[in-house]
Amino acid sequence: MSDAQARIADLVKANDIVLFMKGTALFPQCGFSSRAIAILDRLGATYETVDVLQDPGIRQGIKAFSDWPTIPQLYVKGEFVGGSDIMMEMFESGELKELLETA
Amino acid sequence: MPMAASEIERMIKDAIPDADVIIRDLAGDGDHYAARVVSGSFAGMSRIKQHQAVYAALKGRMGEELHALQLETAVPQETISE
């Protein structure tokens, strides 16, 4: 396992709810990341974020980690949940609220 | 390099022949798209797997020249009711 993969695995394990995104929760640098933050905030979730723009290793590595080509990526309790489209679908159906309440 | 909507549709249909594909150019700039892909082959797959199948069809271009593709996937209604 490369260094980046190991660091990602640690981040996902150490945080019940973690969003890999472009920018920060306060200043998202991409519309999709911004949408992901808006959803988490709306649900009142307590979450960690990782700004992939600050770390090229993680930025590339996160795509291989879950075989998912885009950012943001949400992980809950170590499991990959999806990107912002899936988050939006799960938000609208109420599934995301349920999932976050277990974390 | 932006991708044409017709090329996105062709790549998805090449990989998922029964797919019903609707593509919308969100900003009119050939760079921000929304796609809805409906296919019987998605039956029984998680949302993540369905999206991964579409990304696989785009052969690595998603996340590179294709930055913005809002994706929605579904199984055709008749498949669900069967």
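Read along the sequence, chain B goes α-β-β-α-β-α. That is three helices and three strands. Helices here are DSSP runs of H or I with at least four residues, strands are E runs of at least two, and both are numbered from the N terminus.

A word on the source before I go on. This is a predicted model, where local features need pLDDT of at least 70, side-chain atom pairs count only at pLDDT 80 or more, and totals for chains, interfaces and linings use all residues. Residues are numbered from 1 along each chain as its sequence is written, while chains are lettered from A and ligands numbered from 1 in the order in which they are written.

Let's stay with chain B. How compact is chain B for its length? Its radius of gyration is 12 Å, close to the 12 Å that the globule rule gives for 82 residues, so chain B is as compact as a globular protein of that length. The radius is taken over C-alpha atoms, and the rule is 2.2 Å times the number of residues to the power 0.38. The C-alpha atoms of chain B fill a box of roughly 40 × 20 × 20 Å along the principal axes. Of the 82 residues, 26% are buried. Buried means that 20 or more other C-beta atoms lie within 10 Å of the residue's own; exposed means 12 or fewer, partly exposed is in between, and the C-beta atoms are placed from the backbone.

Next, contacts. Two residues are in contact if their C-beta atoms, placed from the backbone, lie within 7 Å. Take the contacts in chain B with a separation of 6 or more: residues 24 or more positions apart account for 52% of them.

Now look at two helices of chain B. Two packed helices are described by the angle between their axes and the distance between the axes. Helix 1 of chain B covers residues 5-15. Its axis and that of helix 2 of chain B come within 8 Å and cross at roughly 115 degrees. That makes the two helices roughly perpendicular. Axes are lines fitted to C-alpha atoms, for helices over the stretch in contact, and angles run from 0 to 180 degrees between N-to-C directions. Under 35 degrees counts as roughly parallel, over 145 as roughly antiparallel, 65 to 115 as roughly perpendicular, and the rest as oblique.

Which residues meet there? From helix 1 of chain B come B:Met11, B:Ile12, B:Asp14 and B:Ala15. From helix 2 of chain B come B:Val54, B:Ala56 and B:Ala57. By class, this contact has six nonpolar, no polar and one charged residues. Nonpolar covers Ala, Val, Leu, Ile, Met, Phe, Trp, Tyr, Cys and Pro; charged covers Asp, Glu, Lys and Arg; the others, Gly among them, are polar.

On to the partner, chain A. Chain A has five helices and four strands. From the N terminus on, they run α-β-α-β-α-β-β-α-α. A compact globule of 103 residues would have a radius of gyration near 13 Å, and chain A agrees with 13 Å. Its C-alpha atoms fill a box of roughly 35 × 25 × 20 Å along the principal axes. Of its 103 residues, 39% count as buried. Among contacts in chain A between residues at least 6 apart in sequence, 63% join residues at least 24 apart.

Where do the chains touch? The contact takes 10 residues from chain B and nine from chain A. On the chain B side, helix 2 (47-57) and strand 3 (68-74) each supply at least two residues. Helix 2 of chain B gives the most, with five. By class, that side has four nonpolar, four polar and two charged residues.

Most residues other than glycine have a negative phi, and most peptide bonds are trans. The bond from A:Ile71 to A:Pro72 is cis, with omega near 15 degrees. A:Pro72 lies in the loop between helix 3 (56-65) and strand 3 (73-76) of chain A. A:Lys77 has a positive phi of about 50 degrees although it is not a glycine. It is in the loop between strand 3 and strand 4 (79-82) of chain A. A:Lys77 is partly exposed, with 15 other C-beta atoms within 10 Å.

B:Lys59 has a positive phi, near 45 degrees. It is found in the loop between helix 2 and strand 3 of chain B. B:Lys59 is exposed, with 10 other C-beta atoms within 10 Å.
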